[in-house]
Structures are given as C-alpha cells and as structure tokens.
Amino acid sequence: ISLNSELKTILFSINIIVIILITIFISSNYISYNYPNNKELNKLACTYGSRNWIACLNVSSMALKEKDYDTAENFARKTLLWQPLNFQGLKMLGYAYLYQGNRQKACILFKRYDMYFKYQSTLHEFIKNICYSSNIKQH
C-alpha cells in the first residue's frame, strides 16, 4: 500500500505528538519522585505532567514550609480537583487552611481525612484537640 504525502505527514505529526506527550508524562513522574524539593521543577511537572498529583503536593508542602499559604492551597486544590478522594491532598489543604487561620475549613478536611483511616489516622489526636475542643460545627 502506498500512502500519499499528506497522509504520511499527518501520521508523522501524530507520532511526534504522542512521543512528546509520553516524554512529558515520564519526565514529570521522574521529577516528582527524584526531585521532590525542587519547587520550580515540580511546578512544571504539576502543570504539564498529566495531573501529576505528587508534584503538586511537593509544591504545596514546600510552600507550607516557606509560609506561602496561598501557593500551598492552590497546589493542594489542583490535586483535589483531579482526584477528589486524595487523602494526602485533603491533609495538605487542611494545613494550608489552618495556617491561614481558617480552622473551621481545616477541621472539615481533617475529619474527612481521619474518616478514610477509620478514625485512627496520624491526625486523630490532633483533630480531637483542635477541632472538637472548640465551637466548630460538626460535619
């Protein structure tokens, strides 16, 4: 079978696009696992890495350490936008809210996180002290 030049060009272009997408996916995963403390690389991996939640949470974690709570919130939200049941994203967003002074929102997320672990998570005692000892509405 002989292909005309237009079809060859289209197939070649499709192959190039697929190769680029696979390269981006592999690179973003490589970055998130091997360079967890490189904020700029993880931002790229989160943004372009086909929903690379690990890279997003790496950025969120670094932002929390730097007291950049808005960035921490934004990157934790990206994770939850893509994976609403990601318990690590819930925990990270909860900390961002807590450090921003929004204890009620933080406690809602922490309680949901704790529920995933049948109320025996590493945050359980913290939740009892911070969330249940105050006048925060129970959800």
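Helix 6 is followed by Lys118, a residue with a positive phi, near 55°; helices here are DSSP runs of H or I with at least four residues, numbered from the N terminus. The model is a predicted one, in which local features need pLDDT of at least 70 and side-chain atom pairs count only at pLDDT 80 or more, while totals for chains, interfaces and linings use all residues. Residues are numbered from 1 along each chain as its sequence is written, and side-chain values use heavy atoms, with hydrogens and water left out.

Helix 6 itself covers residues 103-116 and reaches 20 Å from its first C-alpha to its last, close to the 20 Å expected (1.5 Å times one less than its number of residues). Its buried residues include Ala106, Leu109, Phe110 and Tyr113; buried means under 20% relative accessible area, exposed over 50% and partly exposed in between, with a 1.4 Å probe and protein chains only. The buried residues of this helix pack against helix 5 (87-99) and helix 7 (124-130), where contact means heavy atoms within 4.5 Å.

Turning to charged pairs, the structure holds five salt bridges, each a side-chain nitrogen of Lys or Arg within 4 Å of a carboxyl oxygen of Asp or Glu. One of them joins Asp68 and Lys39 (4.0 Å, N to O). This pair links distant parts of the chain, with Asp68 in the loop between helix 3 and helix 4 and Lys39 in helix 2, 29 residues apart. Asp68 is partly exposed at 28% relative accessible area, whereas Lys39 counts as buried at 15%. Within helix 7, Glu125 and Lys128 lie three residues apart, about one turn of the helix. Salt bridges that share partners also join Lys39, Glu66 and Asp68 into one network.

Definitions and conventions:
Helices (H or I, at least four residues) and strands (E, at least two) are DSSP runs, numbered from the N terminus.
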